[in-house]
Structures are given as structure tokens and as C-alpha cells.
Amino acid sequence: MTFSGMSMDDEGEGFEEGTADDGGSERGAVDDGFEGDDGGFLHGDDEEEGEDGSGDCEPAREPDPSDSLRTWGAVSRALREHAGYSRAEFAELVRFSKHTVESVELGRRMADEAYVERAEEVSGNTGALRASAKFVTRGDVGLAAWFREWARLERKAVSLCTYECRLVPGLLQSAEYARAVFEGTVPLVPDGRLQSYMESRMERQRMLSARPTTPYGFIVEEHVFRRRFGDAEQMRGMFDHVLELTAPRNVSLQIVPLEAGLHACLDGPVRLLETPKGQWLAYSEGQQNGRLISRAKEVRLLRQRYDTLRSQALNAKDSRRLLERLRGEL
């Protein structure tokens, strides 16, 4: 991916301020799409391309599952059917759910080592599944073009800060909340892609627990948690999920209370991260576009705004109390 004609190395160096072009122009986003956030996911089918292949100057659209994933899944399915097993029978034999088997065979999910070994044994021990599994790559299924680079940087960041005023950040969304977000977007998410989006969002969340020494900070407006979705049980599930994910010492949540009034981040959501080389980068997102920012002066300003807002928000302890109170009011 290039930004304003410049390439970026693995640690995020060399960015120039501007919109990601990715050959065109993150639209979990995912998370955790449209993560944008959240974002970060693009819904809908590709626009019809013009003669030059550029389409109608549209941003890059939702990528398909990687070719290797789809190929491996198709071979796995063919071997299963050749062995005479239904999907349900095969799922029981490999000790995975029928849904997991379906996701793997359709190229929506990467098969882990246990799945590969059991599938190999059940389908005849030809060696084909075991040998080809070494070359399967996941790609960024479900992530929109302009968010993919940021999602990659998140996985290497030594610290990550998020301010959100629209919806619960993708990294904190419950499965029911994420599904409601995806189902409520326009254009509608095709049924065949919904599960891929969900899996990408939940997979992205795992880095909160997988990297226990990396600090993750979230500042979220109170009205975000007051916005209703689903029934009371689903709302309670969302609160429980947020409380659980923000309980570890490396994850902090601060809520900006309604009575806080106007503040420093009224221009919209912002995310900040520090790379292993000590460089700070920022990301902002709007309707159908996202922008990765590396210009030091602009990133410094966004950090100042975030730090100012952090002093205006409730502390972590009071924020948890507020979430618990909101949960109790349901």
C-alpha cells in the first residue's frame, strides 16, 4: 500500500499525510470494519469498472478471502465428499463444529494445526491437506482497503489509544453488538460475508489479551453506551463484554460523561499508536474513507487533544462504576 506516492516499511516509517490509495483509495473493521471501526469494514458489492479498470473513482472495496484459503477449503471439501461424509458427520469426526467446517471449506477461516491433522486422517491420509496447509495465507478478510494498513500496525504497536464518539470501539464490541452494526449498515451486508466480518472483528479483539504488556487506552462518550440496540439481554451482554475486556491492567477505559460539555476532540474519532521504533502515528475515519497520518506536527496536535480529553473524562474506576450503573438500569 502506498500513501501519497510513498511506500511504508514494516515499522510505519515513510508515511506522508494523505488518504490511503491502495491502488484506488479501511472501507471491522473490522472490531473489532465500514472497525470503519468500527469501522474498517466495507459493505456492498464492487462498483462497475470503467474501461480503464478504475471504476467510478471509488475507494478499494471489500477484499475477497485469499485465494489460498479458498483453494485449500475447496480441496478439503472435495476430499470429504470423496470419503463419503456429510459436513455434520465430518465435523463430529474432526471434533470441530459444523459451522467451523463450513467456514474452512468456504475459505472464510484459517484451519488450525489440529483441524488439518484430523481432517487429513479422516479424509484418507493422502498427505495433500497437510502439505498444502503450509502455503495457506489468511489475508485481511473483511477489512476495508483504507483500514488494512492501520490494522497491521495495531498488531505491532507498543501502545494504542482510541477516542470514539460514534459507537463502541471495534476492539471492545460484543458479538451481538458487532452483528447489529453490520446488519444496520447501508448497503446491506450480503449474508455470505456477514460471518467473515464477524470473525475478523472477534479475531482482531484477541490482541488485547494476547499482548498483556501492551497498554491499550480507550476514551468513549457516555452517549455511545446509552444508545440502545437489540433487547435488554443483548445490552447487558455488551456491558459485560466491555467490562471484561477492560478489566486487565494493560487496558483502560475512560468515559466522557454527558455533563462534561464541549471538549478538545469535537472534530471526531481519533486513534493513535506508537510503533516499536518510537514513531507516533494517527488514524482518522469518516464516511467511506480513512486517513493514516504520520506528519509529526499533526500527530502531535492530535496527541495533545487526546491527552486533554483524558483529563476531562472520568477516571477508569469511575468509568467502570458508570457502566455497571447503566447495566443495572436495564
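## Strands, a helix and the cysteines

Student: Where do I start? What does β8 pair with, and in which sense?

Tutor: This is a predicted model. In it, strand β8 pairs with strand β9 (residues 289-293) in the antiparallel sense, over 5 bridges.

Student: Which residue is the bridge partner of S284 in β9?

Tutor: R291 is the partner of S284.

Student: How many residues sit between β8 and β9?

Tutor: There are 2 residues between them, and the two strands form a hairpin. Q288 in that turn has a positive phi of about 60°.

Student: And β7, how does that pair with β8?

Tutor: Strand β7 (residues 270-274) is antiparallel to β8, with 4 bridges. L273 stands opposite L281 in β8. β7 and β8 also form a hairpin, this one with 5 residues between the strands. In its turn, G278 has a positive phi of about 90°.

Student: Is β8 largely enclosed or open?

Tutor: Largely enclosed by the rest of the structure, because 5 of its 7 residues are buried.

Student: What about E285, buried or exposed?

Tutor: E285 lies in β8, which covers residues 280-286. Its relative accessibility is 10%, so E285 counts as buried.

Student: Which side chain does E285 touch through a polar contact?

Tutor: That of Y283, in a polar contact of 3.0 Å.

Student: New topic: helix α13. What span should it have?

Tutor: Helix α13 has 13 residues, 316-328. At 1.5 Å a residue, they should span 18 Å. The end C-alpha atoms are 18 Å apart, so the two values agree.

Student: Which residues of α13 are buried?

Tutor: S319, L322, L323 and L326. Seen down the axis of α13, they fall within an arc of 100°, so they line one face of the helix.

Student: Why would residues a few places apart point the same way?

Tutor: An α-helix has 3.6 residues a turn, so residues three or four places apart point the same way.

Student: What do the buried residues of α13 pack against?

Tutor: They pack against α10 (222-226), α11 (232-245) and β6 (251-256). On the other side of α13, K317 and G328 are exposed.

Student: What caps the N-terminal end of α13?

Tutor: N315 does. One of its side-chain oxygens lies 3.2 Å from the backbone nitrogen of K317.

Student: Last one, cysteines. How many disulfides does the structure hold?

Tutor: It holds 0 disulfides. Take C265: the nearest cysteine sulfur belongs to C165 and is 8.8 Å away. A disulfide needs the sulfurs within 2.5 Å, so C265 is in none.

Student: Is C265 buried or exposed?

Tutor: C265 is buried, at 4% relative accessibility. C161 is buried too, with a relative accessible area of 13%.

Definitions and conventions:
Residues numbered from 1 in each chain as written. Predicted model: local features only at pLDDT ≥ 70, side-chain atom pairs only at ≥ 80, totals over all residues. Heavy atoms only, no water. Buried < 20%, exposed > 50% of the residue type's maximum accessible area, 1.4 Å probe, protein only. Polar contact = N/O pair within 3.5 Å; in protein donor to acceptor, adjacent residues only side chain to side chain. Pairing = 2+ DSSP bridges. Expected span 1.5 Å × (residues − 1). Arc of directions from axis to C-beta. Contact = heavy atoms within 4.5 Å.
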